[in-house]
Amino acid sequence: MEFVQACIPDTLTIVICNRVSRAQAVFQELQKLVQDKLLLIHSRYRAEEREKLNEKLSEFKSELCEFKSGIIVSTQAIEAGVDILAKTMFIELAPWSSLVQRFGRCNRYGEYQNEDIAKIYWIDIDLEQKNVEKPYETKVLEEARSHLVNLTDVGAISLQAVQTKATKIKGLIPRKHDLLQLFDTSTDLAGHDIDISSFIRETDDNDITIAWRDWKDNKPDSDSEKPLQQEELCRVSLWQAQDFLKKLKKDAWVWDGLNGDWVEVTHLYPGITILLHISDGGYSKTLGFTGNPKDKPTVVPIPEAEPDAIEPEKDDADIFTKVGKYISLKQHSVDVESEVRELCAK
């Protein structure tokens, strides 16, 4: 009830949790306690639902925006790239750089001043508990806490006075090729989004993607052989997917390019895309991936394939290179030159 009392009517309150599971739990609890508009934002949604959530946030400056007031519960997904303003904010202890990003979502343009001030409440974490610090490290959380306990406000002047330790770069360092990929919206040769997460945030979790479809037989039928669309894919951490499938005790399916068919998944590994039946559950349009078999997703409508669309195929099908005749090296070189010139012109 103290939380409810801290929320100011007709203004926006943002709650930021470090983990999706905690954000989902907070959101569900608030559904029981408050009558305000509620919105949950995190990374474990299918692209279709995630796009709708992004639209709601992108409309924030519009007079028609639904979330000028209410409560948004989020994870790190709201830290950067979102121009949104809250009067009240609740945040979990996080690395100092993340906290500064979160502070920037409160009283963003200085609308609230003097007695009508904006407030940020930070929630400490008992780092003695096992794995409670995830996805961060205990050391960086302890350092952030040492800064927070000495602050009375988080205005720009106060934040500039905070002395932080320079940290050594660990792990991967972006090369020119990797930097260019940060702006690349195309997919790789297998049709997957290029993964740049290793250069954005350190994490022990390795993601897989899951899609849900409906079929009548014991295995995916011809309708399920249509290529998986980005809109129906949901990113899930490897350990969450393993736990869910173990609890489900049903078959998951993966496309076998060698035989041109769906086959049972024998083991999971980072980057794999698997297909589940909608009756298997595990996904809620409101909460995102939950791993609860009782949460049944709806099927994302699959558009009719274009005449030149790439259907799932065997690895050796090679449909776009089979022209029915031999091509000389000279002719091939001429064709390549023509294509390159056309690309350069564009």
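**Close-ups of a predicted model**

A search of the whole structure turns up five aromatic pairs (rings of Phe, Tyr and Trp, the last by its six-membered ring, with centres within 6.5 Å; planes under 30 degrees apart are stacked, over 60 edge-to-face, and the rest tilted). This is a predicted model, where local features need pLDDT of at least 70 and side-chain atom pairs count only at pLDDT 80 or more, while totals for chains, interfaces and linings use all residues. Residues are numbered from 1 along each chain as its sequence is written, and side-chain values use heavy atoms, leaving out hydrogens and water.

View A. Trp 212 belongs to strand β6 (residues 207-213) and Tyr 283 to strand β11 (residues 283-284), so the pair ties together parts 71 residues apart in sequence (strands are DSSP runs of E, at least two residues, and helices are H or I runs of at least four, numbered from the N terminus). Both Trp 212 and Tyr 283 are buried (under 20% relative accessible area; exposed is over 50%, partly exposed in between, with a 1.4 Å probe and protein chains only).

View B. Trp 255 counts as partly exposed because its relative accessibility is 23%, while Trp 262, at 3%, counts as buried.

**View C. An open sheet of five strands.** The order is β2-β3-β1-β4-β5, and the pairing is parallel (strands pair if DSSP finds at least two bridges between them). β2 (38-41) and β5 (119-123) sit at the edges with a single partner strand each, so one side of each has no neighbour in the sheet.
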